[in-house]
Amino acid sequence: MASSSSSPVFFTILAFLISCIIFFLSRKSKSKRLNLPPGPPGWPVVGNLFQAARSGKPFFDYVDDLRKKYGPIFTLKMGTRTMIILSDAKLCHEAFIEKGALFASRPRENPTRNIFSCNKFTVNAAVYGPVWRSLRRNMVQNMLSSSRLKEFRKIRADSMDKLISRLRAEAEANGGVVSVLKNARFAVFCILLGMCFGLEMEEETVEKMDQVMKTVLITLDPRIDDYLPLLSPFFSKQRKRALEVRKEQVDFIVPFIEQRREALLNPGSDKSAMSFSYLDTLFDVKVEGRKSVPSNSELVTLCSEFLNGGTDTTATAVEWGIAQLIANPEIQSKLYEEIKLTVGDRKVDEKDVENMKYLQAIVKELLRKHPPTYFSLTHAATEPTTLAGYDIPTDTNVEIFLPGIGWDPKIWSNPEKFDPDRFYSGKEEADITGVTGVKMMPFGVGRRICPGLGMATVHVHLMLARMVQEFEWIAFPPNSKIDFTGKLEFTVVMKNSLNAMIKPRS
Ligand code: HEM
């Protein structure tokens, strides 16, 4: 939760007083009590909000503790928001596959998020309906289909070369030590920027764009008034700041949109323009129920979604992946052997990945053990329904605690062990899309499954393969043990950001 400069004690007392008033007023009007899943008792209206904040734990650890006590479906009252938290594979299959349409919506947004999502005009935030259908269809069919993805092979190959030379230069300047997350993030961001705007950008522009996106993500951090809207008068400074950040974002990105528009109108005029981009699909996208094409501000939002959806998630997976390869040198050697056997002396190409079964097993195990986000995006029911015998009203946030599934000892042997052999040997299997059964769901499952799944897995496979082909990865400081504690930073990254020693392979 974002910190506020005002005293937490003051807010606690104020929130308590307000909550008591509302509690007593609302009690009278609630004729029928809902049968919600169990959960920890909380205060009237503020519910469990302060218990969560005061637990001193990251929210995902707080939830992990509670699910052990309250089971695979439980309720948390976070101020005016009711969260129902699922952490069981069968329940997720029932909700998102069997009753897919019923659980396919998104809850109302807080006012800050509404500013940045242009009132839910994005694939990820749109409620289940015509706007979502149109935007998602456009993204999936016109941009992320396997044939479209192939068109961007060159961007990926170039970014991989750039990643390797950046790592080499950083190591040379830094006694052999490199930062993994920062470099992986930069590489994937370059790919997504090229795909999104269809323009080649200077490194400085890429850095600036990254900074703008990061500022937006920080501004979107939840605040206490998201849960207790009555406190919003105390947050006018933050609201003003959010509007400023939005303006900075629009002012920075619109010129690139105009540059691309111009390049399409005058083919051949812009030497930095590529043949196709996500923006091209958006300029005249047909959205059911709307007559107009997206405004520039809406285009900024849709492009930002594309960039944000795929950058930190992918880079986080690569960071945990390299950490595991360092902690398990025998796995790293086996992977290197597979790379040499498959491609010999040339560079790994993305087409090689289909012949690299051990690499595939490593990536699957990585996504099971370290899902980049511990919670899927929040779902909401399209109409009042039930799950596991409990009521699920439409105005509740349905959250999915993903490690609860990927780490479940009922469905995995030795789930705490990083063991690609479980997949490589064929002893265990999992359908990552969840269609034939849910055992792990790092990309969600069902109608809202991540549309970037295919592209993201190509990126993770390719990055790990190239990084291991070019360098041997070793702990820094030498012989130190890797700390696998995570911390929430939009995705769950390593608490101690991974710095590693690299030795070029001969
Ligand atoms: C390793 C990388 C990635 C991971 C782990 C990941 C994970 C997820 C998850 C858990 C969801 C929520 C699914 C749900 O609502 O149940 C999601 C949704 C989404 N992701 Fe990804 N994602 C990744 C990469 C990408 C990429 C590369 C893109 C596109 C450029 C992308 C775009 C989206 C979008 C637009 C949604 C919203 C879908 C909808 O609401 O219909 N993601 N992703």
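Predicted model: local features only at pLDDT ≥ 70, side-chain atom pairs only at ≥ 80, totals over all residues.
View 1. C450 lies in the loop between α18 (421–424) and α19 (453–470). Helices (H or I, at least four residues) and strands (E, at least two) are DSSP runs, numbered from the N terminus. Residues are numbered from 1 along each chain as its sequence is written, and side-chain values use heavy atoms, with hydrogens and water left out. Local features need pLDDT of at least 70 and side-chain atom pairs count only at pLDDT 80 or more, while totals for chains, interfaces and linings use all residues.

View 2. H459 is part of helix α19. The residue is buried, with a relative accessible area of 2% (buried means under 20%, exposed over 50%, partly exposed in between; 1.4 Å probe, protein chains only). Leaving aside residues up to four places away in sequence, H459 touches R156, V188, I191, L192 and T314 (contact means heavy atoms within 4.5 Å).

**View 3. Aromatic pair F252 and F256.** A search of the whole structure finds 18 aromatic pairs. One of them, F252 with F256, is edge-to-face, at 5.5 Å centre to centre and 65 degrees between the planes. Rings of Phe, Tyr and Trp (its six-membered ring) pair if their centres lie within 6.5 Å; planes under 30 degrees apart count as stacked, over 60 as edge-to-face and the rest as tilted. Both residues lie in helix α12 (residues 236–265), four residues apart, about one turn of the helix. F252 is buried at 18% relative accessible area, and F256 is buried at 13%.

**View 4. Aromatic pair Y374 and W407.** These two rings are edge-to-face, 5.7 Å centre to centre, with 90 degrees between the planes. Y374 lies in the loop between α16 (357–369) and β4 (385–387) and W407 in the loop between α17 (403–406) and α18, so the pair ties together parts that are 33 residues apart in sequence. Y374 is buried, with a relative accessible area of 10%, whereas W407 is partly exposed at 26%.

View 5. Strands β8 (residues 486–489) and β9 (residues 491–494) pair in the antiparallel sense over four bridges (two strands pair if DSSP finds at least two bridges between them). E489 has T491 in β9 as its bridge partner. One residue stands between the strands, and F490 takes a positive phi near 75 degrees.
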